[in-house]
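Could you walk me through some local features of this protein, residue by residue where that helps?

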Amino acid sequence: MDLGLAGKVAIVAASSKGLGFACAASLAREGASVVMCSRNAAAITAAAEAVGREAVAAENGGSAFGMVADVTDAGDVQRLVDETLRRHGRIDILICNAGGPPAGIFETLDDQAFADALNLNLMSTLRLCRAVVPQMRAQGGGSIVNITSISVKQPIDGLILSNTARAGVIGLAKSMANELGKYNIRVNNVGPGPTRTERILSLARQRAAMLGITEDEAISRDWQGIPLGRLGEPEEFANVVTFLASPAASYVTGATIQVDGGMYKGIM
Ligand SMILES: NC(=O)c1ccc[n+]([C@@H]2O[C@H](COP(=O)([O-])OP(=O)(O)OC[C@H]3O[C@@H](n4cnc5c(N)ncnc54)[C@H](OP(=O)(O)O)[C@@H]3O)[C@@H](O)[C@H]2O)c1
């Protein structure tokens, strides 16, 4: 299937590694011009070079550019959008992403911890969307995909900050899909289950230390009970994001799709 991504311009936030990186690489291989960001200059430069090499090898006309921007900083978000417009003159796709908040439980986390998590995962999404929607509207459409978590369907024990902030993203996205459909702007969410990235490996290390088990045991607990019986790979997640972002998904909006190997056990 031709996804129709050649010549499209995409912003992929928080993309020096992990899920964001895999999404940037996938979009660039399909022919999109991708602007990537993260907080670390060396990391995002190296990541954009790697994505750029993959785009050249794919010979679909894709490219990548990386810049430093912290998605929790409104000024940085605006710079990211301004730089994309300066380079490419349009924005067809926005992939909202950020790091994950720390682990913790209700009785030990204070107001500041919740405020920080909301700023990291909810407010960053809101600000990124607010900065690109006028451009998408003026262009006659666009596609926004939010990277959330399987926790929006099934909260994860010990990650109450993430469980709380990401539910807000779904409410925001569903309302935006309703309000912006008339401008041909689509808004969807993709929720990863346990996927092999630095984040999942570092959470496993923390759990291993807490529970006195090995890192491998902690990782295998992540996928126990998952019908496909393994962690997901970032590329498997990126394939779904790339489809939703693309014109091939032109009648899909307001959807939340899990990429979790069957971990979520509800019917819908
Ligand atoms: N992997 C999973 O199994 C899984 C499951 C459910 C949900 N998630 C969620 O999906 C998202 C991505 O996860 P991941 O596993 O890919 O994480 P990761 O491997 O830790 O990568 C996070 C990326 O985000 C960047 N980043 C972090 N904070 C940022 C900020 N404030 N501004 C700009 N860039 C920032 C990091 O680069 P810098 O450090 O250079 O900024 C890095 O490129 C997270 O929110 C995570 O909680 C992941």
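For sorting residues by class, Ala, Val, Leu, Ile, Met, Phe, Trp, Tyr, Cys and Pro count as nonpolar, Asp, Glu, Lys and Arg as charged, and the others, Gly among them, as polar. On that basis, the lining of the second largest pocket has three nonpolar, eight polar and four charged residues. This is a predicted model, in which local features need pLDDT of at least 70 and side-chain atom pairs count only at pLDDT 80 or more, while totals for chains, interfaces and linings use all residues. Residues are numbered from 1 along each chain as its sequence is written, and side-chain values use heavy atoms, with hydrogens and water left out.

**The second largest pocket**

A pocket here is found on a 1 Å grid over the protein atoms alone: it is an open set of points where a 1.4 Å probe fits, with protein on both sides within 12 Å along at least five of seven lines, and lining residues have an atom within 4 Å of a point. Grid points are joined across faces, edges and corners, and a volume is the space filled by probe spheres set on the points. The second largest pocket has a volume of about 250 Å³. Its lining consists of 15 residues, and those nearest its centre are Lys8, Gly141, Gly142, Asn184 and Pro247.

One of these, asparagine 184, sits in the loop between helix H5 (160-180) and strand S6 (185-192); helices (H or I, at least four residues) and strands (E, at least two) are DSSP runs, numbered from the N terminus. Asparagine 184 has a positive phi of about 65° although it is not a glycine. Most residues other than glycine have a negative phi.

**Loop residues**

Glutamate 59 also has a positive phi, of about 55°, without being a glycine. Glutamate 59 belongs to the loop between H2 and S3.

Asparagine 60 is in the loop between helix H2 (41-58) and strand S3 (63-68). The side chain of asparagine 60 reaches the backbone oxygen of arginine 29 at 2.7 Å. Leaving out residues up to four places away in sequence, asparagine 60 touches Ala6, Arg29, Glu30, Gly31 and Ala55, where contact means heavy atoms within 4.5 Å.

Aspartate 92 lies in the loop between helix H3 (74-88) and strand S4 (93-96). The side chains of aspartate 92 and arginine 90 make a polar contact at 2.7 Å. Such a contact is a pair of N or O atoms within 3.5 Å; within protein, one must be able to donate a hydrogen and the other to accept it, and residues adjacent in sequence count only if both atoms are side-chain atoms. Beyond four places in sequence, the residues that aspartate 92 touches include Lys8 and Gly142, which are also among the residues nearest the centre of the second largest pocket.

**Helix residues**

Asparagine 121 is in helix H4 (residues 111-139). A polar atom of the side chain of asparagine 121 lies 3.1 Å from the backbone oxygen of glycine 99. Among the contacts of asparagine 121 outside four places in sequence are Ala98, Pro101 and Val169.

Alanine 173 is in helix H5. With neighbours within four places set aside, alanine 173 contacts Asn146, Val187 and Asn189.

In helix H7 (residues 215-223), the buried residues are Ala218, Ile219, Ser220 and Asp222. Helix H6 (198-211) is part of what covers them. Just after H7, glycine 225 takes a positive phi of about 85°.

**Accessibility at a glance**

Buried means under 20% relative accessible area, exposed over 50%, and partly exposed in between (1.4 Å probe, protein chains only).

| Residue | Relative accessible area | Class |
|---|---|---|
| Aspartate 92 | 8% | buried |
| Asparagine 60 | 38% | partly exposed |
| Glutamate 59 | 69% | exposed |
| Asparagine 184 | 48% | partly exposed |
| Asparagine 121 | 5% | buried |
| Alanine 173 | 1% | buried |

**Cysteines**

How many disulfides are there by the rule used here? With a disulfide taken as a pair of cysteine sulfur atoms within 2.5 Å, the count comes to zero. The sulfur of cysteine 96 is 4.0 Å from the closest cysteine sulfur, in cysteine 129, so the two are too far apart for a bond. For cysteine 37, the closest cysteine sulfur is that of cysteine 96, at 10 Å, again too far for a bond. Cysteine 37 is buried at 1% relative accessible area, and cysteine 96 is buried at 2%.
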